[in-house]
Structures are given as structure tokens and as C-alpha cells.
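Hi,

Here is the structure I promised to pass on.

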Amino acid sequence: MNRTFFLILRRMRAPLIFLIAAYAISVLGMVLMPGLDDQGNPWNMDFFHAFYFTSFMATTIGFGEIPYEFTDAQRMWAMVSIYITVISWLYAIGTIIGLMQEPAFKQARTENAFARSVRRISEPFYLICGFGDTGSLLIQALTDRGRHAVAVDIQERRANALALQDFDVYVPGSHADASKPENLIRAGLQLPNCAGLIALTDDDHANLCISITGRLLRSDMEVICRAESHDVEANIASFGTQHIIDPFDAFAEHLAMAIHSTGVWLLHEWLTEVPNTPLAQPLYPPRGTWIICGYGRFGKAVTANLRREGIDVIIIEADPDKTDCEECVIGRGTEAETLIDAGIHDAVGIVAGTDNDANNLSIVITARDIKPDLFVVMRQNKHSNDDLFRTINADIVMQASQIIAHEILALLTAPLLAQFLRMAREHDNDWANQLISRISAVTGDFVPEIWGAEITMGRSAGVHRALANGWEIRLEHLLHDPSARERDLASIPLLHERRGKLTLLPDEKTALRFGDRLLFCGSKGSSAAMQWSLQNHNALTYIMTGRENPDGSVWRWLEGKAKR
């Protein structure tokens, strides 16, 4: 039963009983009261007339005495009935007004409205749990691409903030605890068009509960989860969660990658940034001694990855016992004495990695006063401090929210991208630099668009139809402009998958087969042009033969008539 309707019935039970009793007594009294007709004969109202009279008497001001003028007894009972029914109506209306003002009733109405708005979404959508900095960035990126999302957050102010956001696509939002299954069900978890569950709350235990709920209620659905603890990460992975993202580990690996191979790092940055934004510039973190301020989860991840690259690391930690730091300089790093004790004069880089933005800013300002040419890596914990961190001009600013949002966006928009980046890390810097040169040649100074293609009837009807007719379609055919076949699209094939076999930078002569999956990057508009070739048989025919077939039965009839 609808929760709002149930609450109304439960709360209105007593007023309704009182109202019905008042009407029953009034009607019965009017039936029993003796009256006289227009001839002076004794007369009693029947139940129908008594109910009719009581009905308009109780709800209107001013009424007539029908069908005959009342006797004194009838008038006396009419007065009694007025007081009884008016009081009962006041009681009922007062109860309704009180019910409308109750937080529980308001919450029920809000939840019902939210559930209705989710059910009205007819296209695939992603259920995003957590509308903090990461959730906000992710929803913005998804809606910019015309994709639907539904958000659930335990903080009411975040849910209210969602309602004020100006997204291109309407995003229903709910103030609820996403770790409770009933709230996820209300948010559309079990709807067939729910394409994915994304757990982004800042509570690892809540993310664990969300993942379990998704695994049990929708085992066929993709689940992406944020985890900032290795124990929780292992727990979530144990029951088959497809993607687990640890922002600290991800950033630490990127930093180590930048030291180990600048080209591979730059390739990763270009392919995971928001499309059509300026390209990141090459980064050259120096080799030598680094100082790490803060040995929490972030500091441990950075320390482990730098040491794996053969970098000497000195740790500054205010609470060594709490963080299990065995060899460290005790302090926060905000004081010059602590930095000097850690050997900042001999260091080449510093990582301000505490969980306090003010301390991180203080560390960098103090460190640069002592040694201005330090390579600076800063951890930014709150998105609202953007202006401050931009002013200090650090070499790298780590924002967990951006890292997670970019990783998830890459997974959602191009599932093969993660596999491509993993294979790219196995290549050397020269290989990466060559690919970077090709990408910059087709996209200029802006981040390329990344898209995938799958040779199936649903996703590539034109190519699928051509293959079914025995045509040989090669990869190079997809790289031509369907509006001018002699012109190449500004795109590069990055990865080809056939029955689990992956081919990096596939040859353009590769013949396509049913079920093939491809990954491309290119300039703005290339993806839409290629979609036209993939979906439209006539566009593909034009690219392959140069012949333009008319669309529509009328044009085909006119063409046939012209030939005759």
C-alpha cells in the first residue's frame, strides 16, 4: 500500500469515526423528531431526506427547512446537529492539517514523489550513492553526455543542493541512507533500465553494504565502488564487485608512473580527462629524496609507490603510534624546524598529504620559503578550497573526488579504456610518446573524446547488416567521413577485442567480425560521424563504393523511375 495513503488512513481513523458517528446521530435524530406537513398532519422525515438535510446543513451556512417548515422539536435537533457535525469537521480538518505538517508525512510524500520520478525515466540510468564532490562531478559529466542518473545521499543539504543544480538532464535525488536496501529499491535498483550502481559515499562500511545489496538484488548489474581501506577493498572484491577504486592508490600509482615514464603518464592523463578541455602538459618529477608530510592512507600509498621506484623517502608524522610509522620525524611539517630536521635542504620534492587543507597549504608555504625550487605535490580534501590551491601553484594537486570521477567516467563511457591503459603501462616511454604525437595531431590542444563500438545488431546495425550480406568491412572503412568519403575522420583506433583477445593499436586493414569491440579516440564530432557509419547502411555503402543510395521509399521510387 502507498505509504502516504497508509499514514492518512491511520491518522484519520478516529476523526472519521467521530464524523460518521456525528452524522449517524444527526440523521437518526432528524428521522425520529416529529414534524407537521403543510396540511398540519403528523410527519416524519425518511432517512434519505434526513441525510440530505444533514449533509448540506453541516457544510454550508444558511439552509431551508424542507420539505415542510420545521416544528420546534425539529429545530431544536437541527441546532444540536449543527454543533455535533461542525465540531466533527473541525476535528477532522485539524487532524489533516496537523498530519500535513508532520516530518514523517512530509518525508513519505517526498519519497513517493522521488520513486515516481525514477519510474518515469524510460532510458538507462546510473544509481549514484553519495552526492559529495565526487558524485557531483560524475553526475555533471554524465548529464553533459545526455545520460540519466539518480542520486541518493544521507545528508539532506546535499539532496537539496542537487535540486538546485542546473543539469542538462533531470536528476531525481533523495535524502536517504543508501546502505539500507529499501532506499536503493525505491531509487530504482530493481528497475530493468538501471544500468549500474555506483557507491561513492565517504563511509567505507556504507559502500560495502551498497555493494552487497547490488550483488544480491541485481547480480547482473555493473557495480562500481569507492574504497579507501585495503581491508574493505578486499572484502568488497570477495563477492565479485566488478570495479573498486581507491583514490589514494590510484594517485600514488600515477605519481610513480610520472617518475618512471612521463610519456605513459601523459597518455593516461589525456585519455581520462574531461573531453574538450585543455591537454595536460608533460610533468617531470625529479629523482632524489622526497619528504612525505602525513602518514595516513594517502601518505602510505605514496610512500610505497615512490620506494618501489627507488626513491628515498623521509616521513613527517604528528602521531606515529596511531599511523604505525616506525621511522619518521615527529611533527606536522607546518613548522620550519620540522622540515629542516627532515632534511628539506637536500630534498627535491615534498608531498603535503595530511587530511587537513589548511595544514597542507601551510606546509607548502613554509617549505617553499626554505627551498623555493622544490617539486610540490598537494592533497586537496575539499573542493571548496579550489581558489586557495590554485593560488599556491603546486606542481600536482591531488583531489580524490576528481580521480574517482575520472576513473568511473572512463569505465562507464568506454569500458575498454581501462584495459587499454593497463596494456599501455607495459610499454616504454618512446612508444607512449609516439602515440601522444598521433593524438595531438588529430585533436590539437584539447583532450580527445573516447568512445567504443561494438559490432552487434543493436549497436552497429549498418555494419552488422553489411556483414550479414557477405561484405568485407575493414576497420579503415569506419575511419572515413560518411559525408565526404575521401576525407579521414580525426580519430585513432586504440584497441580491438575479439573473443577476449586484445590487440593494441590495431591495423586499419583488420577485417571486422560479429561481436568485435573497438576503442577509439579523436576530435570533437568524430564519434558522432562514426556512429552514422556504424548505424546507417547507406552511409557505409557510400564510404565503401562511393554510391549514394536514396533513403526512403519515395526517393527510391523516384530513382528507379529516373533510371527507366
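This is a predicted model: local features need pLDDT of at least 70, side-chain atom pairs count only at pLDDT 80 or more; totals for chains, interfaces and linings use all residues.

Residues are numbered from 1 along each chain as its sequence is written, and side-chain values use heavy atoms, with hydrogens and water left out.

Helices and strands here are DSSP runs numbered from the N terminus (H or I, at least four residues, for a helix; E, at least two, for a strand). Two strands pair if DSSP finds at least two bridges between them. What is the strand order in the open sheet of six strands? It goes β11-β10-β9-β12-β13-β14, with parallel pairing. β11 (329–330) and β14 are at the edges with a single partner strand each, so one side of each has no neighbour in the sheet.

On the way from β13 to β14 the chain passes through helix α17 (residues 386–392), giving a right-handed β-α-β crossover. Right-handed means that, with the strands pointing away from the viewer, the path from the first strand over the helix to the second runs clockwise. β12, helix α16 (residues 357–370) and β13 also form a right-handed β-α-β unit.

Are the faces of β13 buried or exposed? Buried means under 20% relative accessible area, exposed over 50%, and partly exposed in between (1.4 Å probe, protein chains only). Both faces are covered, with F375, V377 and R379 buried on one side and V376, M378 and Q380 buried on the other.

Helix α11 (residues 247–260) has 14 residues and spans 20 Å from its first C-alpha to its last, close to the 20 Å expected at 1.5 Å a residue (the expected span is 1.5 Å times one less than the number of residues). Twelve of the 14 residues of α11 are buried, so the helix is largely enclosed by the rest of the structure. Among them are F248, F251, H254 and M257. At the start of α11, a side-chain oxygen of D246 comes to within 3.0 Å of the backbone nitrogen of F248.

In helix α12 (residues 262–272), eleven of the eleven residues are buried, including W265, H268, E269 and W270.

**The N-terminal part**

UniProt, in an unreviewed entry, lists residues 12–35, 47–68 and 80–100 under "transmembrane region"; such annotations may be inferred rather than shown by experiment. In the model, residues 12–35 are 83% helix and 4% strand, with end C-alpha atoms 36 Å apart. Residues 80–100 are 100% helix and 0% strand, and their end C-alpha atoms lie 31 Å apart.

L28 belongs to helix α2 (residues 13–32) and is partly exposed, at a relative accessible area of 42%. Its C-alpha atom is 9.7 Å from that of M45, 17 residues away along the chain.

Cheers

Terms used. A polar contact is a pair of N or O atoms within 3.5 Å; within protein, one must be able to donate a hydrogen and the other to accept it, and residues adjacent in sequence count only if both atoms are side-chain atoms.
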